[in-house]
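Dear colleague,

I am passing on the structure that we spoke about, and below it you will find my notes on what turned up in it. Please read them with the model open beside you.

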Amino acid sequence: MLKYTLIFALFVVLASCSEEDLQAQLLKSENLQNLDGAGQFQHEITVSNGIQVKAQGNVNGIQGEYFLPGEDGKQIRVTYTADATGFHPKVEE
């Protein structure tokens with residue numbers, strides 16, 4: 001379930017890409033798994049076009065956020081939690 005939530009978040013980010021975004025470069029990619037031996041994980045991705053994705057959690061739940069460039073040049077921030085009750089996003093513009 002949680003794996004699918006991360007995949008969904010990635011598709012949201014990819015769906016927002018434009019032709020100019022094809023030239024964007026990956027600036028940071030960090031993937032830490034099984035932190036402290038308890039199944040904890042932490043992911044972070046930063047792209048040169050302003051897209052950022054961060055998530056952390058374990059098998060019981062995920063907390064994360066991602067930033068997307070808006071049409072007016074301002075970043076759109078989406079924070080979310082995902083657990084057994086579903087995906088719970090909050091959009092801030």
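There are three salt bridges in the structure, a salt bridge being a side-chain nitrogen of Lys or Arg within 4 Å of a carboxyl oxygen of Asp or Glu. Please bear in mind that this is a predicted model, in which local features need pLDDT of at least 70 and side-chain atom pairs count only at pLDDT 80 or more, while totals for chains, interfaces and linings use all residues. Residues are numbered from 1 along each chain as its sequence is written, and side-chain values use heavy atoms, with hydrogens and water left out.

Glutamate 65 is buried at 15% relative accessibility, while arginine 77, at 29%, is partly exposed. Arginine 77 also meets glutamate 92 in a salt bridge of 3.6 Å, N to O, and glutamate 92 sits in strand β6 (residues 86-92), 15 residues from arginine 77. Through shared partners, these salt bridges join Glu65, Arg77 and Glu92 into one network.

Turning to the aromatic residues, the structure holds two aromatic pairs, where rings of Phe, Tyr and Trp (its six-membered ring) pair if their centres lie within 6.5 Å, and planes under 30 degrees apart count as stacked, over 60 as edge-to-face and the rest as tilted. The rings of tyrosine 66 and tyrosine 80 have centres 6.1 Å apart and planes at 50°, so this pair is tilted. Because tyrosine 66 lies in strand β4 and tyrosine 80 in strand β5, the pair ties together parts that are 14 residues apart in sequence. The rings of tyrosine 80 and phenylalanine 87 are 5.2 Å apart at their centres with planes at 35°, so that pair is tilted as well. Tyrosine 80 is buried at 4% relative accessibility, whereas phenylalanine 87, at 27%, is partly exposed, and Tyr66, Tyr80 and Phe87 form one aromatic cluster.

The largest nonpolar core has 11 residues, among them Phe41, Ile51, Tyr66 and Tyr80; such a core is a set of buried Ala, Val, Leu, Ile, Met, Phe, Trp, Tyr and Cys residues joined through side-chain atoms within 4.5 Å. At least two residues of this core come from each of β2 (40-47), β3 (52-58), β4 (61-69) and β5 (75-83).

Finally, β2 and β3 run antiparallel and are joined by six bridges, strands being paired if DSSP finds at least two bridges between them. Histidine 43 has alanine 55 in β3 as its bridge partner, and in the hairpin of β2 and β3, with four residues between the strands, glycine 50 takes a positive phi near 100°.

With best wishes

Notes
Buried means under 20% relative accessible area, exposed over 50%, partly exposed in between (1.4 Å probe, protein chains only).
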